Number of protein chains: 2
Amino acid sequence: MGGRTAVAGDDIPPMKTLSRDAAAALDAADPLAALRARFLLPDGVRYFAGNSLGAPPRTVAARLREVVEQEWGGGLVRAWHDWIELPSRVAARLAPLLGVEAGEVMVADSTTVDLFKLLGALLAARPQRRRLVAVEGCFPTDLYVAQGLVEPIGGELLERPLSGLAEVLPGSAALLVSHVGFRHGELHDLRALAALAREHGALLVADLSHSVGTMPLALADWGVELAVGCTYKFLGGGPGSPAFLVVARRRQEELQPPLRGWMGHADPFAFETSWRPAPGVERFACGTPSILALAALDAALAATADVDLALARRKVEGLGELLMSLVDDRLGGTVEVASPRLAAQRGAQVSLRHPEALALTQALLAAGVVGDHRPPDLLRLGLPPLTLRYADVWDAVALLGDLLHSGEHRRPPFATRRRIT
Amino acid sequence: MGGRTAVAGDDIPPMKTLSRDAAAALDAADPLAALRARFLLPDGVRYFAGNSLGAPPRTVAARLREVVEQEWGGGLVRAWHDWIELPSRVAARLAPLLGVEAGEVMVADSTTVDLFKLLGALLAARPQRRRLVAVEGCFPTDLYVAQGLVEPIGGELLERPLSGLAEVLPGSAALLVSHVGFRHGELHDLRALAALAREHGALLVADLSHSVGTMPLALADWGVELAVGCTYKFLGGGPGSPAFLVVARRRQEELQPPLRGWMGHADPFAFETSWRPAPGVERFACGTPSILALAALDAALAATADVDLALARRKVEGLGELLMSLVDDRLGGTVEVASPRLAAQRGAQVSLRHPEALALTQALLAAGVVGDHRPPDLLRLGLPPLTLRYADVWDAVALLGDLLHSGEHRRPPFATRRRIT
């Protein structure tokens, strides 16, 4: 933000609810405040886009160097003796964040590929059920995966709002939901959805990409038996880090992935010519995993293994409440809060709606406030609880007010720059 | 190897064909000899297992550090502006090694997943052809993928030796082959196989994992329209580095992957609810790619971009001839050469057959000669042309003779250690 850190210009009315000093006092009292120092973050940046890509834990670069120079370079192929267990070790780190046992988590591939394996396995196990139902607001790649699976078998994918689910669930194989919606940050009640799906003979498949790491998850307790999620958002695993897949133990024997690979074989190094599924969730592994990507994720998870996710969730709620109250006070009427107002219905994200959202995102970015834009008119502000400060929220809203008042975002280069992805 | 570098003990008959000095002289005259210095290799190791995992180019660790600290840490989500093009940049580096255009290569996921996309697309495009044929000797994961695709549609996978292909190809969708067999190193004539497949209305799908980087490939010239391969063997991309997939331009429009993801969408960042295939080979991308894994591969490919693959192939042949002639002279009768004798029929690997192959592999390993074992009775010696020396071959055979003579490999710990993977 450079010279603009003191963003409240002479002609901007002061915020009513909370001063910047008061926001800074919230940071001083924040039990998670010290965690920010564990991450690499450029000076002067207010980083909201942790719901897109989390900041790197400081330990990652050194760990990668060790893997390349000592393990790969020093051990060469012999390093696989240890690496072969790395996916399981990372799965064991993820299990407590998900509220399941280590043997119910598999780490590999992308969310897209893992969801394909899970939905494909489910459709194959229930050949008389060729319909998939998606709660409106799913991340698009999840819908593409589902479409690609049902089309060849003459099935269908139906997207429905919560109120329309009961009507289409009978005869469906699965109910697909993004735990937290990527556009508006709505937080779904997975326990209720799992029960609803089961009531109609379907199974809930939850995409946890936008919730894992921001709140305690209790999949087993909630009755959620199948899930996927990415690790590069709030878990800080790095760009495109490996995804995870959850299959509750009682479902493991009946499900076989459509994508069969040697890493999911009962005895990969016997090099048999026919596939035999590994016992348990390991059968959902397929190709050789990227050890560099896994090692970075492992280091990231280790760096925050001591975090109390109940505190993280409380901070997420606090950051969201502050953001919305400041928006209401300062920007009321010009910018609409597009996320649920109730904390219990909101994930670690507040989306703001404005017709100039794209240009505003660009102008904020130029001033060091990093959020992102989702078409057509959303400015997304993620609330990564381990790296975002209350004062960052204050600064962002102040700067947004400044821009809306000055109209600076309507001038080049913001109005002309290409879309931020 | 430590104190055993001079391996010819008093009681071992000297090699007839070639002295160690003569082998060292071949290294001195090797036009590729200087390349070895570009890789990290532990002192004293003779590294044959480059057909399993290539040694790391020295530039990789620094590049990863740059990606983590400067790009990820410094740019955060903004770094995606550049990263989003990384898969295409890596594809462009691979294209000349494959003999195709950059727009015919897609880099992502594992060989397993990429083969699934390719075979699945082919089966969907030819619904009346539900048979896949595999040339005997395919890597098992390729067979597992094929089985997983044909089973649900009531099709079949048939494995046949070369002589049995013509009989089963009519009515088949694809002919699958490992360009170089993982067990015996047999090198297939892809031009002939592509022509044979086409003659029967099928398409050849070649797995190039064991050939790319060891010889010039000319897929377009050979009429090979579909291929996959891994990059962690002779290309040095790192453990589990991203795989590649080739679709000749003339086949791109007719083929759509069964695995549809947002990175293969025509406009990923429009977040549309329905999948529209990207033009060209990009439609075969699916989830968010690992940037760490891609950056390591990119650095590895850059480190050897100036290598003349015709020279690499010549060295591979020279290393193989030397190995076999030394085996014949010194070990004749006790160890069988299980790879083709003719250079034109052999890839960058010589496999030796011996009932104690596992224990021999372990004992060689303990002495710094790193090969690997394939059940039941093969000792595989890969011939990575950029890092292996003629003198390494001499030392390995001498040590093998020493072991067979002394029987050291029959004593603990070698006879009792668990299998090397």
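Which helix of chain A holds both Trp80(A) and Trp83(A), and how many residues apart do they lie? Both are in helix 3 of chain A, three residues apart, which is about one turn of the helix. The views below come from a predicted model.

**View 1. The interface between chain A and chain B.** In this predicted model, 81 residues of chain A are in contact with 81 residues of chain B. The two chains bury about 6900 Å² between them, and carbon and sulfur atoms give 67% of that area. Of the area that chain A buries against chain B, 12% is supplied by Trp72(A), Tyr144(A) and Phe271(A), more than by any other three residues.

**View 2. Polar links and a salt bridge across the interface.** Between chain A and chain B, 22 residue pairs are in polar contact. Two salt bridges are counted between the chains. In one salt bridge, the side chain of Arg260(A) meets that of Glu151(B), with 3.0 Å from N to O.

**View 3. The side of chain A that touches chain B.** Helix 2 (60–75), helix 3 (80–83), helix 5 (111–125), helix 6 (140–150) and helix 11 (291–303) of chain A each supply at least two residues to this side. Helix 2 of chain A gives the most, with nine residues. By residue type, the side of chain A that touches chain B divides into 46 nonpolar, 22 polar and 13 charged residues.

View 4. Over all chains, a search of the whole structure finds 17 aromatic pairs. In the pair formed by Trp80(A) and Trp83(A), the ring centres are 5.4 Å apart and the planes stand at 85 degrees, so the pair is edge-to-face. Trp80(A) and Trp83(A) are both buried.

**View 5. An aromatic pair between distant parts of chain A.** Phe139(A) and Phe182(A) also form an edge-to-face pair, with 5.0 Å from centre to centre and 80 degrees between the planes. Phe139(A) is in the loop between strand 3 (131–135) and helix 6 of chain A, whereas Phe182(A) is in the loop between strand 5 (172–178) and helix 8 (190–199) of chain A. The pair links distant parts of the chain, 43 residues apart. Phe139(A) has a relative accessibility of 14%, so Phe139(A) counts as buried. Phe182(A) is buried too, with a relative accessible area of 4%.

**View 6. An aromatic cluster with residues of both chains.** Phe139(A) and Phe182(A) belong to one aromatic cluster together with Trp262(B), Phe269(B) and Phe271(B).

Key
Residues numbered from 1 in each chain as written. Chains lettered and ligands numbered in written order. Predicted model: local features only at pLDDT ≥ 70, side-chain atom pairs only at ≥ 80, totals over all residues. Heavy atoms only, no water. Contact = heavy atoms within 4.5 Å. Buried area = accessible area lost by both parts, 1.4 Å probe. Salt bridge = Lys/Arg side-chain N within 4 Å of Asp/Glu carboxyl O. Polar contact = N/O pair within 3.5 Å; in protein donor to acceptor, adjacent residues only side chain to side chain. Helix = DSSP H or I, 4+ residues; strand = E, 2+ residues; numbered from the N terminus. Nonpolar A, V, L, I, M, F, W, Y, C, P; charged D, E, K, R; others polar. Phe/Tyr/Trp six-rings, centres within 6.5 Å; stacked < 30°, edge-to-face > 60°. Buried < 20%, exposed > 50% of the residue type's maximum accessible area, 1.4 Å probe, protein only.
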